[in-house]
Amino acid sequence: MHLMVVGLSHKTAPIELREKLFFSEQQLPTILANLKDSTAISECAILSTCNRTEVYICASDPGADTSIKTFLSRIGGFSNEELTPKLYVYRSYKAAAHLFRVASGVDSMVIGEQQILGQVKTAYATASKHGASGPVLNTLFQQAITVGKRARTETEIARGAFSIGSVAVQLARSIFEELSERTVLVIGAGKMAELTITHLVSCGVKSVLVANRTHEKAEHLASEFNGQAVRFDNLLTALMKADIIITSTGAPEPIISRNLVLSVMRARRGRPIFFIDIAVPRDIEQTVGLIDNVFAYNIDDLQKVVEVGEVARRAEIAKVEALIAEQVDEFMRWFRMRDVVPIIADLQKKYEEICDGEMKKLRRKLEHLSEDEWNAIVAAARSILRKVMHQPLTFIKQCAESEDSSDRLSFLRELFGIQVDELKADEKIDGS
C-alpha cells in the first residue's frame, strides 16, 4: 500500500490558481466520494484552506498521483501541463512529515499559526464521517494532530504568532495609524471574521459593522462585539459609511465588483477606502484596486507583513522539526509493520503446515518409535525449520525499514506465494 499527498500551497501557486481548487465543506463529501470510486484508492482525505489544497491518499497503485493530478486539473479547469508544475507530490515518509509540518504550523504563511491545526482536525473529521479515510489515514491524521499540539505546547513556535486576521488588522493600522475613529465593515460571519473582529476591537475599534448573507449570523456575531449587523441588501450603504472593509466569505464568485466600488466612491466623494480580502476564492474583483483612492489587498499581499514578525518564531522551527521526525518515525514503524506482520505470520503458517504434513507421513513409517524418540525428532524438525526461516524473516523485517519497502514486500509476497488482504493485515496489527 502506498501513502502519498498531492497538493499545492501559497509556496507553489498564486491565489489566482489556489482559489480555483478551493473546496468548501459542502463540496468535500461529493469530491471524496468521487475519489474513492477509483479502484486504486482505498483511502483519501482533503485539506483545503485559503493557503493550500492537499489530497492525501492510500493507494495500491504507486502511480495513483497521476490520476489525482488529472482529477484536480479537471475540477480547476486547467490542462495537466498548466497545473502539474504547481503541484507537489510527497510519498511515504515525506508525505507523513509534510502533514505533520502543516499541522505544526511550520509550513504556514504565518509561522506557528493556530488556525491550521483546527483545519487539519476538520479535514480528518470530514473524511472519517463520510467513510473516505481508513486505518492508515486515521492514524496519520491523529498523529498529525498530536504533533501539532506538542509543537505549540513544548516549543515557542506559536508565541506571538499572528493569524491572517491579525495581520490584516496590522496592515490596516499601517494605512490609518489610528483605528479607534474608523468604521470597520466585516463581510462574512465565519471563524476568520470572528478572529478579525477580535483583533480590531483589541486595537481600539469602536464602530464595527457585520454583513452576512444569513442575517441571523451577522446579528449573532455583531452582538458579541457591540457591533451592528447589516443586511446584505444594504451592503452599498454600509460600504459608503465604512473606512476599512475586510471580506471573508465563502462565496464562489467576487461579491465586490469594480462597478459597485465606483458607485461607492462617487458617494464618498473620493474619500479613501481600504479593502482587505482574506477570502479564497477572492471576494473582491482584481480591478477594484486600480480605482483612485481605493487600497485593495488580498491574502498574498499579507505575506510581506507576515515576514517582518516571524524571525523569532523561525528560530523555533528546528525544535519543532525534531518533534516531527520523532513522530514520523513512530508512524512509519506502524505503517511498515502493517505490511510486514501478515507476511511473516502467513509465511510461518505456510512452512509449519508443510513441516507438519511431512512429519505425519514420516510418523506412519516410524510407528515403532517410542513417544520420547518421536518427540525428539519433532523437536529437531522444528529447530531446523526455525533456523531455516531465521534469515528470510530477518530480511523481511529489514525490508520494512527501507524506503522502497512496498516494492520489496510486494516481491516477497510473489516469491513466497502469499496473498494478504488489507482487512486481515489491520486485524493482525490491532491484535498484536
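In this predicted model, the side chains of Arg52 and Glu54 meet in a salt bridge, with N and O 3.0 Å apart. Are these two residues buried or exposed? Arg52 has a relative accessible area of 2%, so it counts as buried, and Glu54, at 0%, is buried too.

Arg101 forms a salt bridge with Glu321, and their closest N and O atoms are 2.7 Å apart. Because Arg101 lies in helix α5 (residues 92-104) and Glu321 in helix α15 (residues 317-365), this pair ties together parts that are 220 residues apart in sequence. Arg101 is partly exposed, at 22% relative accessibility, and Glu321 is partly exposed as well, at 27%. Salt bridges that share partners join both pairs, along with Lys11 and Asp107, into one network. The structure holds 17 salt bridges.

Next, have a look at the sheet. Its 4 strands run in the order β2-β3-β1-β4, with antiparallel pairing, and the sheet is open. Strands β2 (41-48) and β4 (88-91) stand at the edges with a single partner strand each, so one side of each has no neighbour in the sheet. Between β2 and β3 (residues 52-59) there are 7 bridges. Helix α6 (residues 115-129) packs on the sheet, where it touches β2 and β3.

Which residues touch the most other members of the largest nonpolar core? Among its 65 residues, they are Ile57, Leu72, Phe100, Val120, Leu140 and Phe331. Ile57 also has a place in the sheet: it sits in β3, opposite Cys44. Beyond its close sequence neighbours, Phe331 is in contact with residues including Leu3, Phe100 and Leu140. A second, separate core has 30 residues, including Val110 and Phe274.

Notes
Residues are numbered from 1 along each chain as its sequence is written. This is a predicted model: local features need pLDDT of at least 70, side-chain atom pairs count only at pLDDT 80 or more; totals for chains, interfaces and linings use all residues. Side-chain values use heavy atoms; hydrogens and water are left out. Two strands pair if DSSP finds at least two bridges between them. Helices (H or I, at least four residues) and strands (E, at least two) are DSSP runs, numbered from the N terminus. Contact means heavy atoms within 4.5 Å. Axes are lines fitted to C-alpha atoms, for helices over the stretch in contact, and angles run from 0 to 180 degrees between N-to-C directions. A nonpolar core is a set of buried Ala, Val, Leu, Ile, Met, Phe, Trp, Tyr and Cys residues joined through side-chain atoms within 4.5 Å. Buried means under 20% relative accessible area, exposed over 50%, partly exposed in between (1.4 Å probe, protein chains only). A salt bridge is a side-chain nitrogen of Lys or Arg within 4 Å of a carboxyl oxygen of Asp or Glu. Lists of a residue's contacts leave out its neighbours within four places in sequence.
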